[in-house]
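Subject: A structure for you to look at

Hi,

Here is the structure I promised to pass on to you.

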Amino acid sequence: MKSLIEIKPILNSSPKSIAITMHQRPDADAMGASLAMFDYLRQKGHEVNVISPTVFPDFLKWMPGCDHVIVFETQKAKALEVLEHIDILFCLDFNSLGRTKDLAPYLEKTSCIKVLLDHHLEPQQIFDYGKSDISAASTALLVYEFIVSMDDEKLINNNIAQCVYAGTMTDTGSFRFTSTSYRVHLMVAKLMEKGLEHEPIHQAIYDNYLESRLRFIGHALLNRLEVFYEYNVAMIAIPYSDIQRFGLKTGDTEGLVNFPLSIKGIKMAALIIDRKEEVRMSFRSKGEFDVNAFARKYFEGGGHQNAAGGRSADTLEKTVERFKNALKENEAILK
Ligand SMILES: [Mn+2]
């Protein structure tokens, strides 16, 4: 993979046809990075489309440009038509094509230039240009830094500012995780200097839920939380019946995994959800315990040292049992 900046002459020459894509079930970072890049590359005169493998959550529907996003899951023909004639594919906030779910085989088929901007561990070796920076707090930050490195800071408008701020705010737990480096604060300072209003973004993302989502959190904390003090681990396991009962939608369980981590002494938290088609898992940790390694070893997943995801084809009960066995195997590290 050539370094990202080497794409500069290509982007600065003739107009290109470009697609930007992100991981399935996109979060604010995947969407924010993609929409910021979308706005920027359009300003540069390129023909640009954004493809999300699956629908994106309602709490991101304020993001500038989100109306242009083609959702592969529901607009397959349109997405495939775009992929057929592109010169460049930007892959943002993921690093292995499998993370795009059913879109993956079509991305594999394209012979165009593939560009990576991402901050997850162990990228697949299929990209022509890119930046894989695990110390970056967010992919949105990498997009911001990319635009600056292209000598195009003047093109960072309010749309781009809102998108990269939102992605970075959420991926840093509102600027508190250890990943919140000086680069993050430097970017935010520059964005605010340009006139970014941050408060509406916090409100749009964190104060925009339905009552049912709050009731669900109450229920989950009261009835679905289990604490294993012997391992310093806490877990919330959500059966499919809860999803139906509270009418949960994409994004409604976002952040739930952070609650158990706020219990004194707890070093690792897990959220295990029966999504019917499969069981999905989120892991968070404080300090040394590496949930990326844990998710990779036991649950076909991965991510970052302190935040990772996984999946299981077993039932919820069986998955919880496997999780508990995995804790036992890691007893020495967790204690
Ligand atoms: Mn991210």
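Before we start on distances, one definition: the bounds of the domains I mention come from an automatic or database domain assignment. Please also keep in mind that this is a predicted model.

**The two domains**

The protein chain splits into domain 1, covering 2-206, and domain 2, covering 211-334. How far apart do the C-alpha centres of domain 1 and domain 2 lie? The answer is 27 Å. Where the domains touch, eight residues come from domain 1 and eight residues from domain 2. On the domain 1 side of this contact you will find five nonpolar, one polar and two charged residues.

**A pair of helices**

Two packed helices are described by the angle between their axes and the distance between the axes. For helix H5 (residues 139-149) and helix H6 (residues 158-171), the axes come within 7 Å and cross at roughly 145°. Which residues meet there? From H5 they are Thr139, Ala140, Leu141, Val143 and Tyr144, and from H6 they are Cys163, Val164, Gly167 and Thr168. Sorted by class, this contact has six nonpolar, three polar and no charged residues.

**The six-stranded sheet**

Now find the open sheet, which is made of six strands in the order E8-E9-E10-E11-E13-E12, with mixed pairing. At its edges are strand E8 (225-228) and strand E12 (302-303), each of which pairs on one side only.

Let's walk across the sheet. Strand E9 (residues 233-238) and strand E10 (residues 268-274) run parallel and are joined by six bridges; Met235, for example, has Ala270 in E10 as its bridge partner. Helix H9 (residues 211-224) packs on the sheet, where it touches E8 and E9, and its direction makes about 120° with that of E9. Helix H12 (residues 291-298) packs on the sheet too, touching E10, strand E11 (279-285), E12 and strand E13 (307-312); its direction makes about 10° with that of E13.

Moving on, E10 and E11 pair in the antiparallel sense over seven bridges, and Ile272 has Met281 in E11 as its bridge partner. These two strands form a hairpin with four residues between them, and Lys276 in the turn has a positive phi of about 75°. E11 also runs antiparallel to E13, joined by six bridges, with Gly309 in E13 as the bridge partner of Ser282.

Is E11 buried or exposed? Seven of its seven residues are buried. In a regular strand the side chains alternate between the two faces of the sheet. In E11, Val279, Met281, Phe283 and Ser285 are on one side, Arg280, Ser282 and Arg284 are on the other, and both faces are covered.

Enjoy exploring, and write back with any questions!

Best wishes

How values were computed: Residues numbered from 1 in each chain as written. Predicted model: local features only at pLDDT ≥ 70, side-chain atom pairs only at ≥ 80, totals over all residues. Axes fitted to C-alpha atoms, helices over the stretch in contact; angles between N-to-C directions. Contact = placed C-beta atoms within 7 Å. Nonpolar A, V, L, I, M, F, W, Y, C, P; charged D, E, K, R; others polar. Pairing = 2+ DSSP bridges. Buried ≥ 20, exposed ≤ 12 C-beta atoms within 10 Å, placed from the backbone.
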